[in-house]
Amino acid sequence: MNEPMIRPLPPEDLPQAMRLVREVFQRHVAPEFSPAGIQEFSSFTTDESAQERRNQGHVFLAARIGDDLAGVAEVRDHNHICMLFVRDDRRCSGIGRLLVRTCADLCRQVNPSLAQITVNASPNAVGAYLRFGFLPTDQEQLHNGIRFTPMALKLP
């Protein structure tokens, strides 16, 4: 198997990335959400809303194995992971960890004194983020139907 390469997501690949996010969300996250939460997340993952966030300075990263899009991450304010999704057939292969490490490196490049990066982990992702070194900073929250646990990763 080729090694995954993490690179900035080219603008023309944003629709493909959002499709990957929506597919993984429907399979693994939506069952834990109310209809309101599913609708809220769906509006967040339209091609238009993703492009708007990109225009506002959000950074999108792509994990590729060859030409295959295997995972996607989005970083806000160079300190918060908004989204991290890995395609089903690439889960548990190290791509999520590599995306997190790349997000942390990117944030540190912009702000060398940054002490931590944060994420609002969906219920199904808390275990993965714990394995990546994140720790909960509060109990599970519910906002606009979205369930999440605020978590942080201390940076060395």
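This is a predicted model: local features need pLDDT of at least 70, side-chain atom pairs count only at pLDDT 80 or more; totals for chains, interfaces and linings use all residues.
**Leu155**

At 14% relative accessibility, Leu155 counts as buried, because the cut-off for buried is under 20%. I placed Leu155 in the segment after strand 8. I then listed its contacts, leaving aside neighbours within four places in sequence, and found Ala104, Arg108, Leu114, Ala115, Gln116 and Ile117.

**Cysteines**

I searched the whole structure for disulfides and got 0. Cys82 is in none, and the nearest cysteine sulfur, that of Cys103, lies 9.5 Å away.

**Aromatic rings**

My search of the whole structure for aromatic pairs returned 6. I looked at two that involve Phe41. Phe41 and Phe44 form a tilted pair, 6.4 Å centre to centre with 45° between the planes. The two residues are 3 apart in helix 2, so about one helical turn separates them. Phe41 is buried, with a relative accessible area of 11%, whereas Phe44 is partly exposed at 29%.

Phe41 also pairs with Phe85, again tilted, at 5.9 Å centre to centre and 55° between the planes. This pair links distant parts of the chain, since Phe41 is in helix 2 and Phe85 in strand 4, 44 residues apart. I found both Phe41 and Phe85 buried. Phe41, Phe44 and Phe85 belong to one aromatic cluster, which also includes Phe25 and Phe33.

**Largest pocket**

I read a volume of about 1000 Å³ for the largest pocket. It is lined by 40 residues, and those closest to its centre are Leu84, Phe85, Asn120, Ser122 and Tyr129. Elements that give two or more residues to the lining include helix 1 (14-29), helix 2 (35-44), helix 4 (95-110) and strand 8 (146-154). Which element gives the most? I found that strand 4 does, with 7 residues. Sorted by class, the lining has 21 nonpolar, 11 polar and 8 charged residues.

Note on methods
Residues are numbered from 1 along each chain as its sequence is written. Side-chain values use heavy atoms; hydrogens and water are left out. On a 1 Å grid over the protein atoms alone, a cavity is a set of points where a 1.4 Å probe fits but cannot get out, and a pocket is an open set with protein on both sides within 12 Å along at least five of seven lines; lining residues have an atom within 4 Å of a point. Grid points are joined across faces, edges and corners, and a volume is the space filled by probe spheres set on the points. Helices (H or I, at least four residues) and strands (E, at least two) are DSSP runs, numbered from the N terminus. Ala, Val, Leu, Ile, Met, Phe, Trp, Tyr, Cys and Pro count as nonpolar, Asp, Glu, Lys and Arg as charged, and the others, Gly among them, as polar. A disulfide is a pair of cysteine sulfur atoms within 2.5 Å. Buried means under 20% relative accessible area, exposed over 50%, partly exposed in between (1.4 Å probe, protein chains only). Contact means heavy atoms within 4.5 Å. Rings of Phe, Tyr and Trp (its six-membered ring) pair if their centres lie within 6.5 Å; planes under 30 degrees apart count as stacked, over 60 as edge-to-face and the rest as tilted.
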